[in-house]
Amino acid sequence: MQSVVQPLRVLSLGAGVQSSTVAMMMKHGEIEKADAMIFADTGAEPAAVYRWLVWLVAEIGSIVPFYKVQYLSGLTKHLEGSCRGESSARTPPMFTINPDGSRGMLNRTCTDRFKIRPIEKKIRSLLVKGQRCVSIRGISCDEMQRARPSSSKWMDVEYPLINLGMTRQDCKSWMLRHGYPLPPRSACVYCPYRCNVEWQKMRDLAPDDWAEACRMDELMRHNLKGIRGVCYVHSQRVPLREAKIEDDTMNHLPGAEGWGDECEGMCGV
Ligand code: SF4
């Protein structure tokens with residue numbers, strides 16, 4: 001009789017609220033266990049995320065094998081190299097003022113190169129001949145618009161939080177109810193998709209992350225290879241240190257509709 005190879009179940013671990021909750025729910029048997037969890041490291045996450053990963057892997061790494069992957073030396077090193085003229089930039093979605101004075105945004109090309117592709121490469125290395133993959137993603141009900149069908153022939157996608165009707169807030173409640181600390185928000189420290197509240201929190205509670213975000217904001221202003229506009233991480237299109245981030249209204253993010261609280265797909269969740 002021909003043997004049927006079970007699909008490889010892989011959790012895309014952004015190490016933010018949702019994917020961390022999925023991992024812990026696997027530990028509790030409330031979500032079917034994955035065969036692997038993979039974190040794509042841009043090298044630009046907040047310090048709290050790297051600390052959180054250590055905790056999370058200690059909690060569940062013996063149950064679900066953990067892999068960290070990175071494209072080249074990570075996004076920060078890539079952007080620094082691009083600013084030295086070494087290669088065209090794979091860019092975060094920076095806000096720009098174009099040479100003709102109009103306002104725009106750069107295409108977000110960082111996620112594909114620094115998140116999606118390294119994870120898919122690792123998955124392929126884990127598959128045996130004829131095996132399919134189920135990619136498990138921590139997207140919650142309140143960010144339903146980010147749940148898309150698979151575009152790969154060899155991969156199916158599963159959204160357990162949506163199947164369970166859980167929101168991001170439900171994830172936090174689940175963690176607290178089980179006596180666990182709350183996961184941090186994951187996203188590169190200089191990712192432009194942040195509301196003012198998030199910028200304030202970073203400035204006031206994580207000064208090293210804030211200093212790094214300001215450094216990268218300044219570095220990328222005029223220097224990214226292949227980019228003609230003037231680039232900013234804040235939508236006000238002023239240096240981050242000078243942006244007015246005191247009010248609690250959402251940073252206006254034209255073109256960012258549908259990102260939810262964290263950035264899309266493999267980023268952040
Ligand atoms: S968090 Fe932002 S800057 Fe980092 S890879 Fe994702 S979209 Fe790009």
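Start by selecting Gly85: this residue follows helix α3 and has a positive phi, near 85 degrees. Helices here are DSSP runs of H or I with at least four residues, strands are E runs of at least two, and both are numbered from the N terminus. Before moving on, note that you're looking at a predicted model, where local features need pLDDT of at least 70, side-chain atom pairs count only at pLDDT 80 or more, and totals for chains, interfaces and linings use all residues. Residue numbers run from 1 along each chain as its sequence is written.

Now step back into α3 and pick Leu75, His78, Leu79 and Ser82, the buried residues of this helix (buried means 20 or more other C-beta atoms within 10 Å of a residue's own, with C-beta atoms placed from the backbone). These four sit on the same side of α3, because they cover an arc of only 95 degrees around the axis (the arc being that of the directions from the helix axis to the C-beta atoms). What covers them? Show α4 (110-126) and α8, which are included in the cover.

Keep α8 on screen. Residues 75-83 form α3 and 207-223 form α8; their axes come within 9 Å and cross at roughly 40 degrees. Axes are lines fitted to C-alpha atoms, for helices over the stretch in contact, with angles from 0 to 180 degrees between N-to-C directions. The pair is therefore oblique, the label for whatever is left once angles under 35 degrees (roughly parallel), over 145 (roughly antiparallel) and 65 to 115 (roughly perpendicular) are taken out. To see the contact, select Leu79, Glu80 and Cys83 of α3 plus Met216, Leu219, Met220 and Asn223 of α8 (contact means C-beta atoms, placed from the backbone, within 7 Å).

Next, jump to α1 (residues 17-27) and α6 (residues 168-177), which pack at about 45 degrees with axes 9 Å apart. These two are therefore oblique to each other as well. On the α1 side, highlight Val17, Gln18, Thr21 and Met24; facing them in α6 are Arg168, Cys171, Lys172, Trp174 and Met175.

Last stop: Ile139, in the loop between β6 (133-136) and β7 (155-158). Buried or exposed? Ile139 is buried, because 27 other C-beta atoms lie within 10 Å. If you want a distance to draw, go from Ile139 to His28: 111 residues apart in sequence, and 19 Å apart in space, C-alpha to C-alpha.

Note on methods. Buried ≥ 20, exposed ≤ 12 C-beta atoms within 10 Å, placed from the backbone. Contact = placed C-beta atoms within 7 Å.
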